[in-house]
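Dear colleague,

I am handing over the structure below, and after it I set out what was found when it was examined. Please read the notes with the structure open beside them.

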Amino acid sequence: MSARAILSPVAGQVISLADVPDPVFSAQMVGSGVALRPAPNDGSVEVRSPVAGTILKLHPHAFVVFTEDKAGVLVHIGIDTVKMRGAGFELVAAEGDRVEAGDLVVTYDPAAIAAAGYSDVVPVVLMDSKPDSVTSASIDNSVAVGDLLFELP
């Protein structure tokens, strides 16, 4: 796999950022990318790093991995899940950790997100990139953890 490859952090259906129910992501204010509708799961969902790099920021509901190419890749678990204040999430990694693509970073309980009334869609965004600068052949397809989502432009 190319060092520029961004891999799927969870299994699910790939959707366009335009279909994310949050204007910050759908208008690509944070950057270009794709999102995932996680596959139905009765237990804990593992969220893995989409790239190799250093965990620059880590919150229960989101993390940013900074690659050696100086690209920041944001994985945001759910919409408005910051309001859950960490309930239903478990951090496995720590800020400053070096990770490889596929390393476990966070686990979450999809039932907790649903009970709180939030969407569990997972945007994967190349931070500070121009709108529509990321393209993906995976949109509307189902992917497994570790499958290619897109390549760094």
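Two strands are said to pair if DSSP finds at least two bridges between them, and strands themselves are DSSP runs of E with at least two residues, numbered from the N terminus. This is a predicted model, in which local features need pLDDT of at least 70 and side-chain atom pairs count only at pLDDT 80 or more, while totals for chains, interfaces and linings use all residues. Residues are numbered from 1 along each chain as its sequence is written, and side-chain values use heavy atoms, with hydrogens and water left out.

The sheet

Eight strands form an open sheet in the order β9-β5-β6-β7-β11-β3-β2-β12, with antiparallel pairing. Because β9 (98-99) and β12 (142-143) each have a single partner strand, they stand at the edges, and one side of each is left without a neighbour in the sheet.

Since five of its five residues are buried, β7 is largely enclosed by the rest of the structure; buried here means under 20% relative accessible area, exposed means over 50%, and partly exposed lies in between, with a 1.4 Å probe and protein chains only. Gly72, Leu74 and His76 point one way from β7, whereas Val73 and Val75 point the other way, and all of them are buried.

On one of its pairings, β7 meets β6 (residues 62-66) in the antiparallel sense over five bridges. Phe63 stands opposite Val75, Val64 has Leu74 as its bridge partner, and Val65 stands opposite Val73. The hairpin of β6 and β7 has five residues between the strands, and in it Lys70 takes a positive phi near 65°. In its other pairing described here, β7 runs antiparallel to β11 (residues 122-127), to which three bridges join it, and Val73 stands opposite Leu126 there.

Ser32

Leaving aside residues up to four places away in sequence, Ser32 touches Leu17, Val124, Val125, Leu126, Ser129, Lys130, Pro131, Asp132, Ser133 and Val134, where contact means heavy atoms within 4.5 Å.

Salt bridges

A search of the whole structure finds four salt bridges, each being a side-chain nitrogen of Lys or Arg within 4 Å of a carboxyl oxygen of Asp or Glu. One of them joins the side chains of Asp69 and Arg4 at 2.9 Å, N to O. This pair links distant parts of the chain, since Asp69 is in the loop between β6 and β7 and Arg4 is in the segment before β1 (5-7), 65 residues apart. Asp69 is partly exposed, with a relative accessible area of 46%, and Arg4 is partly exposed too, at 31%.

The side chains of Glu46 and Arg48 meet in another salt bridge, at 2.6 Å, N to O; Glu46 is partly exposed at 38% relative accessibility, and Arg48 at 22%. Arg98 and Glu100 also form a salt bridge through their side chains, at 3.6 Å, N to O, and salt bridges that share partners join Glu68, Arg98 and Glu100 into one network. Arg98 counts as partly exposed at 43%, as does Glu100 at 41%.

With best regards

Definitions and conventions: Helix = DSSP H or I, 4+ residues; strand = E, 2+ residues; numbered from the N terminus.
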